[in-house]
Amino acid sequence: MSGTIRRGKRSGTWEVRVSVGRDPLTGRYRQVSRTVRGARRDAQRALAELVTEVAEGSHSSGGTHTTVTELLVEWLDLVHDRLSPTTFRNYRSCARLYLAEGIGPKQVRKVTTRDIDLLYHALVRERELSARTVHQVHAILRSAFAQAVRWGWIRTNPVVTASPPPVRKAEVHPPDPEVVVKLLAAADEMDCDFGVFLRLAAATGARRGELCALRWSDLDIHAATIVVARNLIEAEGGACIEKDTKTHQARRIALDATTILMMERHRVTSKERADAAGVERLENAFVFSRSSSGSEPWLPGSQTQRFKTLCRRLGIEGVRLHDLRHMHATQLLGANIDVRTVAGRLGHANAATTLGVYAQFLHARDRDAAQVIGALLNP
């Protein structure tokens with residue numbers, strides 16, 4: 001690798017240049033340069049140092065004109081297959097909505113930590129985004145700029161030292177069991193299949209995608225258990241993708257007698273519909289299916305919309321489909337079911353996750369603990 005030396009525009013200065021290859025996006029040849037004061041031998045020494053830095057990769061390729069928007073496009077294309085469809089859509093949406101206009105046209109090599117901090121400030125004050133959303137933007141930028149460092153486009157990542165707004169831990173507000181019972185009864189009247197779906201959600205604490213991915217082979221009537229082994233994710237264009245669960249582990253959940261009875265009735269009803277339609281129900285059919293054969297699962301997003309419609313009909317506000325999961329967890333913890341058991345039913349990787357989410361609901365158990373130890377210490 002060689003470089004060039006030429007006199008600078010000002011007296012007593014020299015400009016040394018070294019080629020660093022083609023820009024990955026534009027295809028143009030790039031050069032890094034350095035201005036040196038002194039004699040020609042000083043310029044020769046500076047050129048030798050610059051050649052060494054470029055050869056070792058310790059000098060950024062600062063000549064690239066790649067913009068932040070172009071970097072994000074390249075990075076999203078790179079990580080597409082590593083992310084779930086939902087996460088990829090969220091990342092792409094954030095890049096389009098919050099980054100394309102403000103910082104998007106700026107050249108990657110010219111972005112400073114101050115630019116990033118000003119962006120976060122504007123997103124909070126002017127766009128009125130939540131701190132949680134700004135943290136997602138921060139995660140996107142941090143990963144994209146880290147990739148730019150690995151590609152040699154920049155020397156350091158300015159996002160690492162940026163200061164996104166602090167995120168306050170969201171409090172869990174589960175609905176009262178009486179409200180859930182009312183919802184289950186109304187859902188059963190509106191659509192008995194949806195009634196079974198909500199009953200299973202409340203009885204197991206499973207996520208909506210996990211329920212939509214259930215197959216009849218996952219149900220063991222005699223053991224009164226169901227295995228949650230997959231998660232259904234909606235891809236673009238209405239397609240569905242089956243993946244493993246969030247923690248990449250299957251779990252077996254015990255069911256109560258009433259839920260088992262409802263599941264048995266639902267299976268009989270599903271078989272009768274297939275017979276009436278003149279189709280053969282698949283041996284490994286989905287428990288909740290859009291087709292008589294059981295080949296097409298329910299879409300998670302559609303069930304969320306149905307739940308919202310149900311709540312509006314009943315005049316119930318502030319309750320989400322996911323809150324049935326919270327109700328399941330908090331009621332079990334309140335009934336002194338041990339945390340490890342609750343964590344297993346929810347599919348948390350460890351009990352610490354459960355404690356972190358539902359710590360506020362363990363105060364009653366802490367009071368019981370105080371009474372127990374007090375009784376032991378009293379004479």
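The reply below starts with that helix, then turns to a helix pair and some loops.

Reply: This is a predicted model, where local features need pLDDT of at least 70, side-chain atom pairs count only at pLDDT 80 or more, and totals for chains, interfaces and linings use all residues. Residues are numbered from 1 along each chain as its sequence is written, and side-chain values use heavy atoms, with hydrogens and water left out.

Start with H5, residues 131-151. Helices are DSSP runs of H or I with at least four residues, strands are E runs with at least two, and both are numbered from the N terminus. The expected span of a helix is 1.5 Å times one less than its number of residues. For the 21 residues of H5 that gives 30 Å, and its end C-alpha atoms are 30 Å apart, so the two agree.

Buried means under 20% relative accessible area, exposed over 50%, and partly exposed in between, with a 1.4 Å probe and protein chains only. In H5 the buried residues are Val134, Val137, His138, Ile140, Leu141, Ala144, Phe145, Ala146, Gln147 and Ala148. Their cover includes H2 (68-79), H3 (85-99) and H4 (113-125), judged by contact, meaning heavy atoms within 4.5 Å. Just after H5, Gly152 has a positive phi of about 85°.

Now the helix pair. H6 (residues 177-190) packs against H10 (residues 300-314) at about 110°, with the axes 10 Å apart. Axes are lines fitted to C-alpha atoms over the stretch in contact, and angles run from 0 to 180 degrees between N-to-C directions. H6 and H10 are therefore roughly perpendicular; that label covers 65 to 115 degrees, with under 35 roughly parallel, over 145 roughly antiparallel and the rest oblique. H6 brings Lys182, Leu183, Ala186, Ala187 and Met190, which meet Phe307, Leu310, Cys311, Arg313 and Leu314 of H10.

Next, the loops. Thr245 sits between strands E7 (240-244) and E8 (251-254). Its relative accessibility is 1%, so Thr245 counts as buried. A polar atom of the Thr245 side chain lies 2.7 Å from the backbone oxygen of Gln249. Leaving out residues up to four places away in sequence, Thr245 touches Glu210, Val228, Ala229, Arg230, Asn231 and Arg251.

Most residues other than glycine have a negative phi. Ala224 has a positive one, near 55°, in the loop between E4 (219-220) and E5 (225-228). Asn336 also has a positive phi, near 65°, and lies between H11 (323-334) and H12 (339-346). At 45% relative accessibility, Asn336 counts as partly exposed.

Conventions
A polar contact is a pair of N or O atoms within 3.5 Å; within protein, one must be able to donate a hydrogen and the other to accept it, and residues adjacent in sequence count only if both atoms are side-chain atoms.
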